[in-house]
Amino acid sequence: MAMVNEHITADAIDASEFPELSSKYQVMSVPKIVINDRVEFTGAQPEAAFLEAIQQAIAPKED
Amino acid sequence: MPMIPERERQQIREIFDRDLASEVRIEVFSKKPSLLFVPGRQESGSGPETEALIRELAELTSLLQVEVHDIQAEPEAAAQAGVSQVPAVVLHGTNAGVVRFLGAPSGYEFSTLIADIVDVSAGSVNLADETKSDLRAITEPVHIQVFSTPT
């Protein structure tokens, strides 16, 4: 997805080498995907679900 | 001693010959192992190994350019890439956005790395047209972090 838009950064992170990040996001099973520190899910998702997760992650916060 | 077994090198060479279309610049962020042990400081031992691995990949094709940065000697380069820990690998090809591997790309991550090198070289995007156009409309920063573990 990072191919398509310059605002997107995609990181593939080795959870065992970054224990602080893994515990920050409570990575217990993989793959775990975190978007903008706001939306998380585990396991491979269909493309449409992934896109929706991105859109949720960038949606204005509701108070 | 090479890190990639000969048979796998041959397979990767064939993939690169067949699928790479344009040059890919790969930045590797590493750190010279310190001689001093500092309690509490995280020492990632896989920095030099990741550097060696990427250099071996670059030997298999003329389309890969490798730049190695020492995160301590070149803090500006690291800051520009948004890298604070090593090892880190950043791919620069036809990708509009940023593609990075944080931690050594071993196990399953290694085949993901090969696939990503091909994708950023060939400009291939396996997404539906509607997904692509929805993605292109995004103007806010999106940071996708995918956590996996080496198998």
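Among contacts in chain B between residues at least 6 apart in sequence, 73% join residues at least 24 apart; two residues are in contact if their C-beta atoms, placed from the backbone, lie within 7 Å. This is a predicted model, in which local features need pLDDT of at least 70 and side-chain atom pairs count only at pLDDT 80 or more, while totals for chains, interfaces and linings use all residues. Residues are numbered from 1 along each chain as its sequence is written, with chains lettered from A and ligands numbered from 1 in the order in which they are written.

Let's stay with chain B for a moment. Chain B holds 5 helices and 5 strands, where helices (H or I, at least four residues) and strands (E, at least two) are DSSP runs numbered from the N terminus. Along the sequence, the pattern reads α-β-α-β-α-β-β-α-α-β. The radius of gyration of chain B, taken over C-alpha atoms, is 16 Å, close to the 15 Å that the globule rule gives for 151 residues, so chain B is as compact as a globular protein of that length. That rule is 2.2 Å times the number of residues to the power 0.38.

The contact as a whole takes 33 residues from chain A and 38 residues from chain B. On the side of chain A that touches chain B, β1(A) gives the largest share, 7 residues.

Finally, look inside. The largest nonpolar core has 41 residues, and among those touching the most other members are Met1(A), Phe29(B) and Leu91(B). Such a core is a set of buried Ala, Val, Leu, Ile, Met, Phe, Trp, Tyr and Cys residues joined through C-beta atoms within 7 Å; a residue is buried if 20 or more other C-beta atoms, placed from the backbone, lie within 10 Å of its own. Leaving aside neighbours within four places in sequence, Leu91(B) is in contact with residues including Val24(B), Ile26(B) and Val120(B).

Methods: Buried ≥ 20, exposed ≤ 12 C-beta atoms within 10 Å, placed from the backbone.
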